Amino acid sequence: MLTTQDSVTTDDILRKLCISVSHVLSSTTNSQITHAGMVQSITRTCLKPDLGCFSIFDGGFSGLVVINFSAPAAIEIYREYMLNMGMPESELAFSHTSDEVGNVMGELMNQMLGDFINKISKELQTSISQSQPKMLTINKELTISVDTNLDEAVARRVSFKTQNNHIFYLEFAMDKTEFIKLTDFDADEDFDLDDLLAEHGQGSTPQQIKPVASSKETQMSSADDLFDELGI
């Protein structure tokens with residue numbers, strides 16, 4: 001929270017992005033995804049083999065996020081995600097060139113950026129929007145830049161590691177900026193819907209849960225309780 005930090009720099013924003021990437025991928029794949037403690041300063045952002053994904057964001061500040069997955073890293077994340085969703089292993093793709101793999105990785109990037117934008121918008125009290133992530137299977141390096149003039153552009157690269165030690169890279173370019181706190185404030189509290197539903201379900205037996213699905217009145221009552229807790 002910004003109540004304990006007087007300013008937020010470009011590298012602070014990058015650190016928050018790395019946390020969102022690790023958090024979303026770890027939780028959706030039920031595996032450990034970590035990022036390096038060191039960040040590399042680079043001069044340009046590139047899409048690289050085997051699977052590259054990018055998205056542009058704009059608003060309080062402008063920038064570009066690129067994630068380059070090696071084929072082993074993409075397949076591992078894709079398969080762990082699908083298995084965690086309950087899909088049988090026999091139905092999963094084996095090649096990173098599969099459309100299904102590209103679609104899943106694009107959706108995961110959308111979730112990562114959504115988590116980052118939601119948190120950073122509240123903490124910096126600004127508004128940020130993103131473009132739909134684009135996922136490309138490539139065999140050559142492609143230079144990519146933001147289609148806008150960045151003020152003193154800063155570019156960084158961070159390496160990530162999957163649970164099976166496969167490496168992928170995040171490249172990040174944005175305005176060199178600093179957000180300075182004028183007054184103390186608390187960022188709006190986030191509601192985790194999964195945690196909230198789990199809390200409401202505590203103490204329920206399987207026999208108690210089944211009638212809930214068939215009782216319209218009970219469903220409406222539970223929904224009202226949930227909306228009340230969310231403040232809706």
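Student: What percentage of the residues of the chain count as buried?
Tutor: Of the 232 residues, 40% count as buried. Buried means under 20% relative accessible area, exposed means over 50%, and partly exposed is in between, with a 1.4 Å probe and protein chains only. Keep in mind that this is a predicted model, where local features need pLDDT of at least 70, side-chain atom pairs count only at pLDDT 80 or more, and totals for chains, interfaces and linings use all residues. Residues are numbered from 1 along each chain as its sequence is written, and side-chain values use heavy atoms, with hydrogens and water left out.

Student: How many helices and strands does the chain have?
Tutor: There are six helices and 12 strands. Both are DSSP runs numbered from the N terminus: helices are H or I with at least four residues, strands are E with at least two.

Student: What end-to-end span should helix H3 have?
Tutor: The expected span of a helix is 1.5 Å times one less than its number of residues. H3 has 26 residues (99–124), so it should span 38 Å, and its end C-alpha atoms are 37 Å apart, which agrees.

Student: Which parts of the chain does the pair of aspartate 6 and lysine 181 link?
Tutor: First, the bridge: the closest N and O atoms of aspartate 6 and lysine 181 are 3.6 Å apart. The pair links distant parts of the chain, 175 residues apart: aspartate 6 sits in the segment before strand S1 (7–9), and lysine 181 in the loop between strand S12 (178–180) and helix H4 (193–201). Aspartate 6 counts as exposed because its relative accessibility is 58%, while lysine 181, at 18%, counts as buried.

Student: Where do glutamate 123 and lysine 16 lie?
Tutor: These two form a salt bridge, with the closest N and O atoms 2.9 Å apart. Glutamate 123 is in helix H3 and lysine 16 in helix H1 (residues 10–29), so this pair ties together parts that are 107 residues apart in sequence. Both glutamate 123 and lysine 16 are buried.

Student: Why are aspartate 115 and lysine 119 separated by about one helical turn?
Tutor: Because they are four residues apart in helix H3. Aspartate 115 is buried, with a relative accessible area of 16%, whereas lysine 119 is partly exposed at 28%.

Student: What else does aspartate 115 touch, leaving aside its neighbours within four places in sequence?
Tutor: Contact means heavy atoms within 4.5 Å. On that basis, aspartate 115 is in contact with Ser20, His23 and Val24, leaving those neighbours aside.

Student: And where does lysine 140 lie, and is it buried or exposed?
Tutor: Lysine 140 lies in the loop between strand S8 (134–137) and strand S9 (142–144). Its relative accessibility is 61%, so lysine 140 counts as exposed. Leaving aside neighbours within four places in sequence, lysine 140 is in contact with Leu47 and Pro49.

Notes:
Salt bridge = Lys/Arg side-chain N within 4 Å of Asp/Glu carboxyl O.
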